[in-house]
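Hi everyone, thanks for coming.

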Amino acid sequence: MSVWAILAAAGSGERLGADRPKAFVRLGDQPLLGESLARLDESDWVDAIVVAAPPGWEEPAILLAEELGCSKVSSCVTGGETRAESVRLALADVPAEAAAVVLVHDAARPFVDDTVIERVLTALSEGWDGIVPAVAVPDTVKRVDGERVIETIDRRELRLAQTPQAFPSDVLRRAFDGEVGGASDCASLVEAQGGRVKVVEGDPRLMKITDARDLERAAALL
């Protein structure tokens with residue numbers, strides 16, 4: 001089973017208030033992109049990687065991969081205006097005849113490890129159309145209308161979705177063959193086509209870097 005990873009790294013990162021795209025903000029001694037890139041490259045589960053970089057940052061992404069010795073990077077494409085468009089553009093660079101499974105990961109979640117990768121790929125072999133790692137919602141959730149509480153939602157039925165998400169290559173291609181809009185993850189597109197998606201245990205360390213406080217928390221975990 002050949003596994004190709006798409007690393008979505010084209011976000012602008014406006015909420016970080018940085019002078020560069022999120023993937024190139026420093027996390028410790030290297031750009032944020034470098035952490036997840038190196039981890040995917042080192043994984044025995046991953047055979048090749050396609051990076052979706054911010055427009056104008058394709059060459060720095062390739063140079064970073066070379067500096068880190070990431071030999072599995074097959075190509076670096078220019079990302080789109082949305083995450084979904086970036087994944088679609090990267091998916092076009094994944095050879096259909098070579099990839100049985102596509103693993104999609106966000107560079108904004110730097111601490112991906114083999115435990116979660118193994119978990120999603122093992123579950124995918126059970127015949128599902130997609131696998132999503134997720135964690136439980138720890139807080140009480142309220143549905144509101146302005147300032148007024150409409151209802152309290154049973155959090156036992158809720159999960160916070162993470163990446164990497166895994167899909168059979170043909171399933172993911174069909175999901176992206178059409179309007180993708182502002183889909184926030186790949187699983188939602190597979191679900192919209194009637195695909196069966198399974199949730200597996202995620203990892204609290206797979207936090208998403210959104211603002212400066214997230215970056216500080218991530219730096220403390222290095």
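The largest cavity holds about 40 Å³ of space. By cavity I mean, on a 1 Å grid over the protein atoms alone, a set of points where a 1.4 Å probe fits but cannot get out; the volume is the space filled by probe spheres set on the points, which are joined across faces, edges and corners. This is a predicted model, with local features needing pLDDT of at least 70 and side-chain atom pairs 80 or more, while totals for chains, interfaces and linings use all residues. Numbering runs from 1 along each chain as its sequence is written, and side-chain values use heavy atoms, without hydrogens or water.

Which residues line the largest cavity? They are Leu-33, Leu-37, Val-51, Ala-61, Ile-62, Ala-65, Val-73 and Cys-76, where lining means an atom within 4 Å of a point. By class that is eight nonpolar, no polar and no charged residues. The largest share, three residues, comes from α2.

Now the largest pocket, an open set of points with protein on both sides within 12 Å along at least five of seven lines. About 730 Å³ of space lies in it. Of its 29 lining residues, Gly-11, Lys-22, Arg-83, Ala-108 and Lys-208 are the closest to its centre. This lining divides into nine nonpolar, 11 polar and nine charged residues.

Last, contacts, meaning heavy atoms within 4.5 Å. Leaving out residues up to four places away in sequence, Leu-121 touches Val-3, Trp-45, Val-101, Leu-103 and Ala-166. Thanks, and I'm happy to take questions!

Definitions and conventions
Helices (H or I, at least four residues) and strands (E, at least two) are DSSP runs, numbered from the N terminus. Ala, Val, Leu, Ile, Met, Phe, Trp, Tyr, Cys and Pro count as nonpolar, Asp, Glu, Lys and Arg as charged, and the others, Gly among them, as polar.
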